[in-house]
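Hello,

Please find the structure below, handed over for your use. My notes on what was found in it follow.

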Amino acid sequence: MGKIVLMQGNEACVEGAIAAGMRFYAGYPITPSTEIAERSALRLPQVGGKFIQMEDEIGSIACAIGASVAGVKAMTATSGPGFSLKQENLGYACLAEIPLVVVDVQRQGPSTGMATSPSQGDVMMARWGTHGDHPMITLSPSSVKECYDLVIRAFNLSEKYRTPVIFLMDEIVGHLREGMEITPEDEIEIVNRPTVLYPDPKRKPYQMKKGQLVPKMAPFGKGQRYNITGLIHDESGFPTNSNAEAEKLLHRLMHKISDNYEDIVQTEEVGMEDAEVAIFCYGGTMRAAMSAMEEARAKGIKCGIFRPVTIWPFPEKELRKAAGKLKKIIVAEHNYGQLLLEVQRVAGSMCEIEFVGKYNGSVITPEEILEKAVNSK
Amino acid sequence: MTVNTGDVSKKTQKMSDLIYKYMRPEHLPHIWCPGCGNGIIMRDVAQAIENLGLSRNQTIIVSGIGCSSRAAGYMDFNTIHTTHGRALAFATGIKLANPELEVIVIAGDGDLAAIGGNHLIHAARRNIGLTVVCMNNNIYGMTGGQYSPTTPTGEFGTTAPYGNLDRSFDIAGLAYGAGASYAARGSAYHVQQTVSLIQEGIRNRGFSIIDVASVCPTYYGRKNKKGSAVDMLKWQRDNAVTPEQAAKMTPEELHGKLVIGLLHHTQYPEFTYQYNELIERLAKEREDHE
């Protein structure tokens, strides 16, 4: 049994990240994610890591990428306005294949919006925010405990697939304070990036052997002199204008994620065994959904919850399988209907789809979800 | 590419040695226009590294976007070609993550002082141990000749068809004002002096900036009737004044002159060194407590 502590979601995110091996944090203060920077500033030098408060959000992600290039697991955190600013360099990390965890504690928007109010309005930005086609992994925690455990998985996936991972929190989870058990160290799986030190100088830095998921990465200063660029590059790491090479690289980047869907995608299903109505929700909305489900069950409605833990890639296989047995899916999210589009795409022809959305800074109540469940045909 | 090593003078031979040692000949010739000053400045950086005997494996070259940024790809070190304006922020991460590394940033005037201006003043303020070499050509060359933060007032660019209304930045002065511990200015013409200024910048333990006047005959020169590349280099020769001379000149006399040399050098604790001291202090406090 691990130690039981009272902790806030933002703090748990930092503790989990440190447990995962994060030793570098670069950030800029922004509500409601600031506690992540504050705790990193306090904790990192205690464990031999580095914290830096950068001059802006763009510099923060750039700095974290730099640290990762030097071989250190790095993280940055922000909220909506800052997440908008980070998008260009997020794409850089995708293309150059630099492991990195980017936390977005979502707040109401657009623009400055309502800085202290919850939202889940950045779901599509997490997937499509940076320009150009790119792969993306996004995970969404729904409790303080999950902030701790899932951020470890975010680091592991980032290292394994050499790609940035978005840890998509929301104000509800970030500022929630609850008791949690610290996962004992021996129960934590840590994945480190495939690394190559002092290789054959002829080795091409982005070359892959058969069966390898990603090219091995040489930390700067550890023996291989090579080039990293945000330009389309070939295996040598140098820019190319070849359409064939561009296609090859883009194809490889997209497929390293899509071919490993089973490894990356996680969902949680509660009461889905006999469910006829499912609440589709994620992040902080889970709590209202749990109450709604219990109340619906008390009224004799066979209600369950389908929660994507991995938001991107979207868990379409799991949802399709679940939808086959359902009469209705109630999509509950704190936005104007973002993952609703994905649910409609995947399950729209299989069952009725209803929507409970909140985008005014208030939270979805169990009653609002329950109402849609009760009025089931 | 093949470098002609047959039947050349000793001096040329020495130069191609430098190419083979510090450049990636397979990626040459470079993309810069004939007459561009950037190649000279890139060579100055390589010469400074040679003179200091830096380890190639431990030296990192970081660049942003623009003409200057292509230098990273040609130089045989650990090189990273980052996003526009952000070279200093990437470099900050590399240096702080591993302070053992020698991190040199090559940037252009637009890259460093416009889109990257915020990173410039704050990296200088932190006095983090980076050496910045600015290939300052007074124009956005890669995009075809728009006015930059160092285009002199009244001069022309494709986006200043009636003359530039803005005042221009003194990049070295800006960085020094923000807290850089070393600031100097060189030029594409003054090779020997620029090499030694870069060398001293690398040796300085803190944030160093060497603002090097490049020449862009293709865009800046053509738009402003500055003549050929050689004419532009001769202009640098004929209009250079030392900081000592400049101190005695009036602002009117200084107008249109290039102040070349060491501008400022002070001692101030370096950021990553201070951070490591913090880590050691916390470790010791914990030990004492236990």
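**Domains, sheet and helix packing**

In the domain assignment, chain B is divided into domain 1 (1-30) and domain 2 (32-289). Please keep in mind that this is a predicted model. Taken over C-alpha atoms, the centres of domain 1 of chain B and domain 2 of chain B are 25 Å apart. Contact between the two involves seven residues of domain 1 of chain B and 12 residues of domain 2 of chain B. On the domain 1 side, the touching residues are four nonpolar, two polar and one charged.

Next, the sheet. Eight strands make up an open sheet with mixed pairing, in the order β10(A)-β2(B)-β1(B)-β3(B)-β4(B)-β8(B)-β7(B)-β11(B). At its edges are β10 (227-229) of chain A and β11 (261-265) of chain B, each of which pairs on one side only. On average, and ignoring direction, neighbouring strands of this sheet are turned by 15° against each other.

Where does chain A join this sheet? β10(A) runs parallel to strand β2 (residues 78-81) of chain B, and three bridges join them. In one of these pairings, Ile228(A) has Ile80(B) in β2(B) as its bridge partner. As background, strands of a sheet pair through backbone hydrogen bonds, either parallel or antiparallel.

A helix of chain B also lies across part of the sheet: α7(B) covers β4 (130-136), β7 (182-187), β8 (208-213) and β11 of chain B, and runs at about 175° to β7(B).

The same helix has a helical neighbour. Helix α6 (residues 117-126) of chain B packs against helix α7 (residues 171-178) of chain B at an angle of about 45°, the axes being 7 Å apart. α6(B) is therefore oblique to α7(B). The crossing is right-handed. From α6(B), Leu120(B), Ile121(B), Ala124(B) and Arg125(B) meet Leu174(B), Ala175(B) and Ala178(B) of α7(B). This contact has six nonpolar residues, no polar ones and one charged.

Chain A has a helix pair of its own to look at. The axes of helix α11 (residues 316-323) of chain A and helix α12 (residues 339-347) of chain A cross at roughly 60° and come within 9 Å. That angle makes α11(A) oblique to α12(A), and their crossing is right-handed. The residues that meet are Glu316(A), Leu319(A), Arg320(A) and Ala323(A) in α11(A) and Val343(A), Val346(A) and Ala347(A) in α12(A). By class, this contact has five nonpolar, no polar and two charged residues.

Regards

Definitions and conventions:
Residues numbered from 1 in each chain as written. Chains lettered and ligands numbered in written order. Predicted model: local features only at pLDDT ≥ 70, side-chain atom pairs only at ≥ 80, totals over all residues. Domains from an automatic or database assignment. Nonpolar A, V, L, I, M, F, W, Y, C, P; charged D, E, K, R; others polar. Axes fitted to C-alpha atoms, helices over the stretch in contact; angles between N-to-C directions. Helix = DSSP H or I, 4+ residues; strand = E, 2+ residues; numbered from the N terminus. Parallel < 35°, antiparallel > 145°, perpendicular 65-115°, else oblique. Left-handed = near helix turned anticlockwise from the far one by under 90°. Pairing = 2+ DSSP bridges.
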